[in-house]
Amino acid sequence: QVQLVESGGGLVQAGGSLRLSCAVRGSFHSINAMAWYRQAPGKQRELVAGLTSGGTPDYADSVKDRFTISRENGGNTVYLQMNSLKPEDTGVYYCNADLWTVLSGDKHYWGQGTQVTVSS
């Protein structure tokens, strides 16, 4: 059983910073890629930042130069450092992991989501 456990959301003023964490727990063979998505009220879920197994990051245009996705070498935790936060960054942030397990093969898993609220 694989679980993605997120933490680090909260309420912050515009211009502030938050760091989100997502830990992969359970039995799996390998991590192919990890990413952060967000969903604002009334909007579709969108990709914020992604990280390949080789360490190549990719960002939505709206967060470039403000957010940084990272993962410790060989680690099971991915981070999203969010700086210069804006009210439009408000939403529920979800961690996604593309994992390979013996039981399910290549499969995407989702975290439970963590609320980020940026006040103006």
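Okay, let's start with two strands that run parallel: β2, residues 10-13, is joined to β11 by four bridges. Strands here are DSSP runs of E with at least two residues, numbered from the N terminus, and two strands pair if DSSP finds at least two bridges between them. Gly10 has Val116 in β11 as its bridge partner.

Quick housekeeping: this is a predicted model, where local features need pLDDT of at least 70, side-chain atom pairs count only at pLDDT 80 or more, and totals for chains, interfaces and linings use all residues. Residues are numbered from 1 along each chain as its sequence is written, and side-chain values use heavy atoms, with hydrogens and water left out.

Back to β11. Three bridges pair it with β9 in the antiparallel sense, and there Tyr93 stands opposite Thr114.

On to the largest nonpolar core, which has 29 residues. A core like that is a set of buried Ala, Val, Leu, Ile, Met, Phe, Trp, Tyr and Cys residues joined through side-chain atoms within 4.5 Å. Trp36, Leu80, Met82 and Tyr93 have the most contacts inside it. Strands that each supply at least two of its residues include β4 (30-39), β9 (91-101) and β11 (114-119). Take Met82: leaving out residues up to four places away in sequence, it touches several residues, among them Leu18, Phe67, Tyr93 and Val116. Contact here means heavy atoms within 4.5 Å.

Last stop, the rings. Ring pairs link Tyr37, Tyr94 and Trp110 into a cluster. Rings of Phe, Tyr and Trp (its six-membered ring) pair if their centres lie within 6.5 Å; planes under 30 degrees apart count as stacked, over 60 as edge-to-face and the rest as tilted. There are two aromatic pairs in the structure. Tyr94 and Trp110 make an edge-to-face one, 6.5 Å centre to centre with 85° between the planes. Tyr94 lies in β9 and Trp110 in β10 (residues 105-110), so this pair ties together parts 16 residues apart in sequence.

And look at Arg45: its charged end sits over the ring of Tyr94, 3.7 Å from the centre. Arg45 also lies over the face of Trp110, at 4.7 Å from that ring centre. The cut-off: CZ of Arg or NZ of Lys within 6 Å of the ring centre and within 35 degrees of the ring normal.

Methods
Buried means under 20% relative accessible area, exposed over 50%, partly exposed in between (1.4 Å probe, protein chains only).
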